[in-house]
Amino acid sequence: MMAGSVCRDADVLRLEKYEDCLHKLILDLAHVGVLITDRKGDIKYLNPTFAMMFDMDIKTAISKNINDYFPHSKLMRVMETGIPDKAVEFSFKGQSALVNRYPITHQGVTAGGFIEVYFRDIRDLQKLMRKMTNLQKKVIYYKRKSQGLPGASYTFDDIIGQSTVIRKFKKLGMQFARSSIPVLVLGESGAGKELVAHAIHSAGSRSDEPFVRVNCAAIPKDLLESELFGYEEGTFTGAKTGGRVGKFELADKGTIFLDEIGELPLDMQAKLLRVLENGEIQKIGTSDVVYSDFRLIAATNKDLAASVAKGTFREDLYHRLHILVLAIPPLRDRPEDIPLLAQHLLDTTRDKPSNLEITFASEVKQLLQAYPWPGNIRELRNVLTFAVFSLDEGQTEIRLRNLPPYMLENQVMMVTRLKPALSPLNQAREKSEKEALLAALEQTAQNKAQAAKLLGISRNEIYRKMRRYGLLSR
Ligand SMILES: Nc1ncnc2c1ncn2[C@@H]1O[C@H](COP(=O)(O)OP(=O)(O)OP(=O)(O)O)[C@@H](O)[C@H]1O
Ligand SMILES: [Mg+2]
């Protein structure tokens with residue numbers, strides 16, 4: 001019996017054992033994963049390929065039962081019925097794999113079971129083998145650092161807001177989260193790009209895997225390459241012993257978040273493009289390539305198309321990234337969310353002078369909703385922090401005088417804006433109506449009749465609306 005037998009070189013030379021050993025050798029070297037059990041499902045043999053595929057340790061596995069690794073293994077049924085299970089397809093570590101299960105019969109009686117796992121495409125196995133070596137390196141790296149893999153800390157539930165715009169935004173974000181295609185998060189300063197990147201990672205299938213953030217603007221240019229791609233030991237003076245695992249490699253199976261991607265220097269853009277095209281990472285100081293299966297989320301507050309026009313952002317990279325674009329609506333476009341958001345920010349501010357419940361005077365609410373918030377949610381948070389620290393002893397309601405002076409300076413301007421202003425809902429409706437009109441006109445090369453048809457309104461109505469929004473040249 002070859003399974004479980006031990007073949008030493010000397011045995012192979014003895015003719016009577018030669019055949020058994022040869023069989024074992026063939027199985028050991030096969031690029032197909034093989035596992036053999038006895039009738040009870042106790043594992044008698046597994047080859048190194050099987051062990052590698054399922055992260056099993058051969059020695060430990062030999063004393064265990066198949067159900068310890070694969071609860072309710074179908075092999076038990078195959079042995080009971082005597083009917084093999086052939087070419088059953090399953091998705092394995094992102095690759096398409098096939099499994100065969102056979103009963104082993106001896107003189108008409110079931111003596112054991114045989115499992116064979118293989119990839120549709122042998123190149124998938126090569127990829128997996130490379131990944132495994134990378135993984136081992138990572139384990140070493142993390143043991144040394146004695147810290148867990150970095151993860152994401154926010155979900156879509158942390159994105160506060162009830163407005164239609166934010167609801168639509170969250171819905172789209174959750175849909176994007178399902179794929180592994182790069183997502184480009186756009187948003188003004190302080191709009192919550194980082195929070196959104198975390199949420200996308202948390203909502204996707206990679207949520208248990210690492211979330212690795214790189215701030216492209218914060219890392220000095222000459223360190224960025226080693227940060228992203230890693231280096232081999234002894235590559236340059238000052239390089240750490242043992243080398244460095246790059247962020248792309250660390251993000252294997254998880255997500256890499258390239259924050260402020262608009263700041264990425266051109267030479268790094270070229271390297272990033274190569275990584276996106278074939279998943280190959282070229283470490284510094286070695287000709288070996290490393291593979292990483294990462295999901296990319298990039299964020300910027302820059303107009304990347306304008307950067308392309310200026311020549312500071314590669315057009316080919318732009319097209320690689322500009323697929324699933326998720327634009328965070330600025331705070332001023334959703335004033336109806338401000339009271340809720342302000343309350344949430346107050347409640348979650350850890351550093352507060354007192355634990356009393358704080359409320360807002362109605363004129364403060366009005367002002368907060370009318371202010372244009374160039375610094376978005378971050379600015380709102382800062383304003384609220386100022387306000388709570390300027391409350392008098394025992395005061396629990398935020399008044400206008402508790403807001404930072406710069407907001408009060410703008411107050412006159414804003415109140416005049418507020419008075420004749422429409423309600424936020426009407427404002428929002430008018431804004432989107434005007435946008436729809438403009439889009440329809442553009443699409444129809446300014447043909448009003450066609451644009452009206454596109455919008456499902458009459459010709460008279462389109463003229464009326466165009467006049468109202470000042471779109472009709474006299
Ligand atoms: N929808 C939201 N609900 C609650 N808090 C939010 C929301 N969006 C952002 N925040 C908070 O606002 C602050 C700014 O968010 P974040 O750092 O993600 O913004 P950013 O777009 O990356 O800004 P910058 O462009 O300046 O880097 C953070 O404190 C974050 O927790
Ligand atoms: Mg940010």
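Q: In which helix is the place of Asn 376?
A: In this predicted model, Asn 376 belongs to helix H17.

Q: Why is Asn 376 called buried?
A: A residue is buried when its relative accessible area is under 20%. Asn 376 has a relative accessible area of 0%, so the term applies to Asn 376.

Q: What makes the approach of the Asn 376 side chain to the backbone oxygen of Ser 189 a polar contact?
A: The limit for such a pair of N or O atoms is 3.5 Å. A polar atom of the Asn 376 side chain lies 3.0 Å from the backbone oxygen of Ser 189, and the pair is therefore within the limit. A polar atom of that side chain also lies 2.8 Å from the backbone nitrogen of Leu 331, which is likewise within 3.5 Å.

Q: What makes Glu 194 a polar contact of ligand 1?
A: The cut-off is again 3.5 Å between N or O atoms. A backbone N or O atom of Glu 194 is 3.1 Å from an oxygen atom of the ligand, so this pair qualifies. For Leu 195, a backbone N or O atom is 3.3 Å from a ligand oxygen. In Arg 381 it is a side-chain N or O atom, at 3.2 Å from an oxygen of ligand 1. Taken on its own, ligand 1 has 630 Å² of accessible area, and the protein covers 86% of it.

Q: Which elements give two or more residues to the shell around ligand 1?
A: They are helix H9 (193–203) and helix H17 (376–389). Of the 17 residues around the ligand, those that come nearest are Gly 190, Gly 192, Lys 193, Glu 194 and Arg 378. Domain 2 (156–327) and domain 3 (334–418) each supply at least three residues to this shell. By class, the shell holds seven charged, six nonpolar and four polar residues.

Q: Why are strands E1 and E5 said to pair?
A: Pairing requires at least two bridges. E1 (residues 33–38) and E5 (residues 109–119) share six bridges in the antiparallel sense, so they meet the requirement. One of the partners is Gly 113 in E5, which bridges to Thr 37. E1 also pairs with E2 (residues 43–46), antiparallel and over three bridges, with Tyr 45 as the partner of Ile 36. In the hairpin of E1 and E2, four residues lie between the strands, and Gly 41 takes a positive phi near 95°.

Q: Why is E1 described as mostly covered?
A: Buried residues have under 20% relative accessible area, and six of the six residues of E1 are buried. Gly 33, Leu 35 and Thr 37 point one way, Val 34, Ile 36 and Asp 38 the other, and all are buried.

Q: Why do strands E6 and E14 count as paired?
A: The threshold is at least two bridges. Four bridges join E6 (residues 183–186) to E14, and the strands run parallel; the pair therefore passes the threshold. Val 185 has Leu 326 of E14 as its bridge partner.

Definitions and conventions. Residues are numbered from 1 along each chain as its sequence is written. Chains are lettered from A and ligands numbered from 1 in the order in which they are written. This is a predicted model: local features need pLDDT of at least 70, side-chain atom pairs count only at pLDDT 80 or more; totals for chains, interfaces and linings use all residues. Side-chain values use heavy atoms; hydrogens and water are left out. A residue is near a molecule or strand if one of its heavy atoms lies within 4 Å of it. A polar contact is a pair of N or O atoms within 3.5 Å; within protein, one must be able to donate a hydrogen and the other to accept it, and residues adjacent in sequence count only if both atoms are side-chain atoms. Accessible areas come from the Shrake-Rupley method with a 1.4 Å probe; for residues, only the protein chains shown count as cover. Ala, Val, Leu, Ile, Met, Phe, Trp, Tyr, Cys and Pro count as nonpolar, Asp, Glu, Lys and Arg as charged, and the others, Gly among them, as polar. Domain bounds come from an automatic or database domain assignment. Buried means under 20% relative accessible area, exposed over 50%, partly exposed in between (1.4 Å probe, protein chains only).
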